[in-house]
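Please keep the sequence and the structure in view while reading.

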Amino acid sequence: MPIEQLLLTLRARWRVILGVFALTTAAALIGSLLMPREYVSTAEILADVDAPEPVSGSFGPSYPQQTQMFMATLADVILSDRVVDKVIADLKLTEDKDAVARWRKDTGGKLTPKEYFAQALRKHLEVKPTRESSVVQLRYTARSPQFAAQAANSFVQAFIANQVELRSEYAKSNVSFFDASTQKLRDNLEKAEARLSHYQLENGILNTGERYDAELTRLNELANQLTVVQAQRLDTSARAQQAPSLQGTAPDVVQSPIIQRLRTELARAEANLRDVSARVGGNHPEHQRAAAEVRSLKRQLAAETRQVVRDVDAANQVNLEREKGLHAAFDAQKAKVLAMTSQRDELNVLQKDVESAQRAYDLAKQRLSMNSLASQIDHSNVTLLAEARPPSSYAKPKISLNTMIGGLLGLLLGLTSAVVWEYFEPRLRSPAQASQVLGLLVLGSMPQNRPPLTASLRTALRLT
């Protein structure tokens with residue numbers, strides 16, 4: 001439809017548009033006036049997400065994602081059966097005759113009273129966490145302002161009481177668990193200490209550290225002494241093997257002061273004998289004395305040489321005996337240290353068992369104490385920030401808004417009705433339309449006969 005024809009149609013059927021607009025607007029206004037009044041009461045709670053635990057001192061969520069999860073969980077808990085049941089009990093809905101009558105009328109007994117009231121309470125409660133804040137708003141809608149405020153406050157109190165109960169119940173369950181665990185760990189500690197004491201008593205261990213160090217020091221000393229004696233035995237053994245074969249050239253023989261003195265005296269006596277032999281004959285008394293002296297010194301030198309060889313052999317035997325004794329003492333001491341090492345290792349294992357049992361017992365006892373304190377806490381990290389109050393005016397219906405929407409809808413329906421009516425009962429509204437429909441040339445036109453109107457209304461309705 002051309003725009004000119006549309007405007008002419010709307011001008012011609014203005015009564016239809018006005019009638020539909022008036023009826024729709026009146027219907028919206030009357031409907032809004034007849035709708036039951038609903039009141040919204042709001043309570044605010046503060047969930048201190050970052051508050052430390054009162055007993056352990058640990059802090060709550062620190063990341064934004066954790067905080068969002070915490071707030072979402074908070075909303076779910078508020079609408080949980082546990083909290084709703086407390087609200088039903090607090091409001092005494094099951095004892096209210098009017099509420100019970102509504103339950104029978106709406107459900108016919110298909111639902112239990114608690115299920116019906118729980119659905120109704122959840123339906124009229126809106127939990128709205130404040131953006132970028134730890135404040136949560138609880139908005140309850142009811143037909144009575146007093147009941148709306150009472151229900152919102154009841155939800156807050158039930159939720160706070162539920163938080164305290166959950167924490168207390170969790171702590172109490174932990175108390176029973178850690179109490180039994182502490183007793184069991186204490187028995188384990190006593191058994192470990194008994195095993196350690198029995199082992200120390202059985203092996204005569206008082207101070208393992210000092211005793212072990214002393215025995216280890218003695219073992220090291222014996223090892224050093226054995227090394228020295230072995231070196232001496234090797235030396236005397238070599239000298240004892242060389243002495244019989246080398247005789248006079250053996251080192252011990254050569255280094256003997258007595259042999260050195262005897263050799264000096266022998267050399268002097270032999271020199272004297274040669275001198276005497278040059279002057280007198282062999283039967284001369286002086287020659288015989290000199291020869292006798294030489295023979296005596298040779299016998300003494302041979303005897304002293306044999307004695308030195310015997311002394312070397314005796315020293316070698318002494319070193320052999322010393323080596324055997326030190327080796328036996330070293331082996332005995334080594335076996336003793338090894339036995340003490342084994343005992344020390346076993347003792348360390350038993351001591352570690354005692355230390356481990358002690359740590360486990362101390363930790364369980366600490367957790368028991370912490371949970372015992374936590375079970376006595378009568379507050380949570382949720383605080384009532386603003387108590388709900390009965391609203392002074394209703395929130396629904398919004399009469400002005402509904403009337404405005406009804407008027408816009410009526411205007412749209414009126415325009416649509418005029419166009420549809422024109423479609424089913426078309427009229428020639430202009431010479432151009434008549435020329436187009438009839439296919440004839442328009443020579444002239446007469447003005448439309450209109451009912452008398454005031455100048456202002458005529459001006460308002462004139463579209464061309």
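Which residues make a nonpolar surface patch of about 400 Å²? In this predicted model, the patch is made by W14, L18, F21, L411 and L415. Two helices, α2 (14-34) and α12 (399-424), each supply at least two of the patch residues. Helix α2 gives the largest share, three residues.

**Overall composition**

The protein has 464 residues, of which 30% count as buried. Its secondary structure consists of 14 helices and four strands. The accessible surface comes to about 29,900 Å², and carbon and sulfur atoms account for 57% of that area. Among contacts with a separation of 6 or more, 78% are between residues 24 or more positions apart.

In soluble globular proteins, nonpolar side chains tend to be buried together. Here the largest nonpolar core holds 37 residues, and those that touch the most other members are I45, I78, L121, L138, Y140 and F155. The elements that give two or more residues to this core are the strands β1 (39-47), β2 (125-129) and β3 (135-142), together with the helices α3 (64-78), α4 (81-91), α5 (97-107), α6 (113-124) and α7 (145-203). Of these, α7 provides the largest share, nine residues.

Leaving aside neighbours within four places in sequence, L121 is in contact with V84, V87, I88, L91, L93, Y140 and F155. Apart from this core lies another one, of eleven residues, which includes L262, A269, L273 and V276.

A search of the whole structure finds three aromatic pairs, and Y140, F147 and F155 form one aromatic cluster. Two of these residues, Y140 and F155, are also listed among the core members that touch the most others.

**Salt bridges**

Side chains of opposite charge can pair when their charged atoms come close. How many salt bridges does the structure hold? There are five salt bridges, and the table lists three of them.

| Salt bridge | N to O distance |
|---|---|
| D81 and R122 | 2.2 Å |
| K86 and E165 | 2.9 Å |
| R268 and E293 | 3.5 Å |

The D81 and R122 side chains meet in a salt bridge. Because D81 lies in helix α4 and R122 in helix α6, this pair ties together parts that are 41 residues apart in sequence. R122 is partly exposed, with a relative accessible area of 26%.

The side chains of K86 and E165 also meet in a salt bridge. This pair links distant parts of the chain, with K86 in helix α4 and E165 in helix α7, 79 residues apart. K86 counts as partly exposed at 26% relative accessibility, and E165 is likewise partly exposed, with a relative accessible area of 30%.

A further salt bridge joins the side chains of R268 and E293. R268 belongs to helix α10 (residues 257-279) and E293 to helix α11 (residues 285-374), so the pair ties together parts that are 25 residues apart in sequence. E293 is partly exposed, its relative accessible area being 30%.

Is Q163 buried or exposed? Q163, which lies in helix α7, has a relative accessible area of 17% and is therefore buried, since the limit for that class is under 20%. Not counting residues up to four places away in sequence, Q163 touches V77, S380 and V382.

The other residue, S296, has its place in helix α11. At 25% relative accessibility, S296 counts as partly exposed. S296 and L266 are 30 residues apart in sequence, and their C-alpha atoms are 9.0 Å apart in space.

Key. Residues numbered from 1 in each chain as written. Predicted model: local features only at pLDDT ≥ 70, side-chain atom pairs only at ≥ 80, totals over all residues. Heavy atoms only, no water. Phe/Tyr/Trp six-rings, centres within 6.5 Å; stacked < 30°, edge-to-face > 60°. Core = buried A, V, L, I, M, F, W, Y, C linked by side-chain atoms within 4.5 Å. Buried < 20%, exposed > 50% of the residue type's maximum accessible area, 1.4 Å probe, protein only. Contact = heavy atoms within 4.5 Å. Patch = residues over 30% accessible without salt bridge, like charges linked within 9 Å, V, L, I, M, F, W, Y side chains within 5 Å. Areas by Shrake-Rupley, 256 points an atom, 1.4 Å probe, with all protein chains shown as cover. Salt bridge = Lys/Arg side-chain N within 4 Å of Asp/Glu carboxyl O.
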